[in-house]
Amino acid sequence: MLLYDQVSKRYPDGTEAVKSFSLEVQRGEFVVLIGPSGCGKSTTLRMTNRLVEPTSGTIWLDGQDIRTVPAVELRRRFGYVIQQVGLLPHLTIADNIAFVLRLMGKPKAVRRQRAEELLALARMDADVLDRYPRELSGGQQQRIGVLRALAHDPDVILMDEPFGALDPLTREQLQDELKRLQRSVQKTILFVTHDMDEALKLADRIVVMKDGCIVQTGTPEQLLTNPADSFVSRFIGPGRLIRSPGKLRVRDVMLAEAATVPWDEHAWQALDRMRRRRVNSLMVIDHAQRFAGIVLLSELQAVVQAGEAVPVGKLANRREACVDPDADVSAAIWRMLRFHLDAIPVVDDQRSVVGVVTRSALAGVLGGQNRSGATLKALQA
Ligand SMILES: Nc1ncnc2c1ncn2[C@@H]1O[C@H](COP(=O)(O)OP(=O)(O)O)[C@@H](O)[C@H]1O
Ligand SMILES: [Mg+2]
């Protein structure tokens, strides 16, 4: 999809912002560039849509050298989201979302329809369409900024610290929404941040940069379990590192009695079940006895307090929060951290729940090993 071949940028004042950057990004991949301020993240992004021209090296988009594509056409193949949203104050939200479509000469009715469609995709109320940017909160404006980048259906979305200026809560919400949005529209995303939690949460693959160079590329799990050097470990933070506890497998540490709940049980019944078992999550089992996701105490409490009669199957979430019995224990630890859970179900290849790995059981097992200090710290965090 996107290929960087030894791309470098030296600014006229002599600053070497990016040095021989090589990377291949797959279609549909969510790649996060991370590194300290000034390491060349924004420059890399800007070279991609030719807001900045590389000094040397080549960037390929779908097999085409981007220098051979006229700049206007090239930019339409990208969506671009920055921290300073840059909504136009005198245009309505609908007109802001469809701004690029207007430049492309699309008729008004088409633009309106597209704006409505995108708003629905982001689960936002259609009544914001006729409002003006200043009438929206910072978080809402940033959501509109993301939708605007999607409006013309670009191949790749470039995002430069898009949530950097938001408060932590809004920021987490937007991260969740972006991840969900990306799953449904299946766009390729190149996302810049200096926040490791954000990177670990969003990325399929993380590219760690330092002084204009790539230091390490890997999945969040690879980075946490195998940081390339002390710079990467420090950047990840010692509390988050997962040291592999030897060759221990999930089946060696799992417990048999997983706390499960059938999908058609009502929320209040499940809540009662949770209290009896003294757990804060339940594994939901569907009608074919397969693992269908996890429901949390707080989620059950919310619907019970609201007086809603909802079966737990409707609340089941986090379908990826499970491990195979033959997986390395670090896979279970990683999922605990990523999904903020105290217990990870162990499922076989039929997706039947065959056991559970719990934080306390792990702490018990790993506590006996010398090398596990960092792992335990991560679990206790
Ligand atoms: N237009 C510019 N002219 C000169 N130097 C620049 C320019 N833009 C960025 N730089 C320098 O290039 C380096 C990388 O900057 P940047 O790509 O913005 O890093 P990051 O986004 O990782 O913070 C920094 O040293 C920065 O000061
Ligand atoms: Mg930057």
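Reader: Which domains does the domain assignment give the protein chain?
Author: This is a predicted model, in which local features need pLDDT of at least 70, side-chain atom pairs count only at pLDDT 80 or more, and totals for chains, interfaces and linings use all residues. Residues are numbered from 1 along each chain as its sequence is written, while chains are lettered from A and ligands numbered from 1 in the order in which they are written. Domain bounds come from an automatic or database domain assignment. That assignment gives domain 1 (2–236) and domain 2 (250–380).

Reader: What distance separates the centres of domain 1 and domain 2?
Author: Along its principal axes the C-alpha trace of the protein chain spans about 60 × 50 × 35 Å. The centres of the two domains, taken over C-alpha atoms, are separated by 33 Å.

Reader: What is the radius of gyration of the protein chain?
Author: The radius is taken over C-alpha atoms, and the globule rule is 2.2 Å times the number of residues to the power 0.38. For 381 residues, a compact globule would have a value near 21 Å, and the protein chain agrees with this at 23 Å.

Reader: Which residues of the largest nonpolar core touch the most other members?
Author: A nonpolar core is a set of buried Ala, Val, Leu, Ile, Met, Phe, Trp, Tyr and Cys residues joined through C-beta atoms within 7 Å. The largest one has 99 residues, and it draws at least three residues from each of domain 1 (2–236) and domain 2 (250–380). The residues that touch the most other members are V284, I344 and V357.

Reader: Which helix gives the largest share of the shell around ligand 1?
Author: A residue is near a molecule if its C-beta atom, placed from the backbone, lies within 6 Å of it. The residues that surround ligand 1 include K41, S42 and T43. Helices are DSSP runs (H or I, at least four residues), numbered from the N terminus. The largest share of the shell, three residues, comes from helix 1 (residues 41–48).

Reader: Is S42 buried or exposed?
Author: S42 is found in helix 1, and its C-alpha atom is separated by 6.6 Å from that of D160, 118 residues apart along the chain. A residue is buried if 20 or more other C-beta atoms, placed from the backbone, lie within 10 Å of its own, exposed if 12 or fewer, and partly exposed in between. With 20 other C-beta atoms within 10 Å, S42 is buried.

Note on methods: Helix = DSSP H or I, 4+ residues; strand = E, 2+ residues; numbered from the N terminus.
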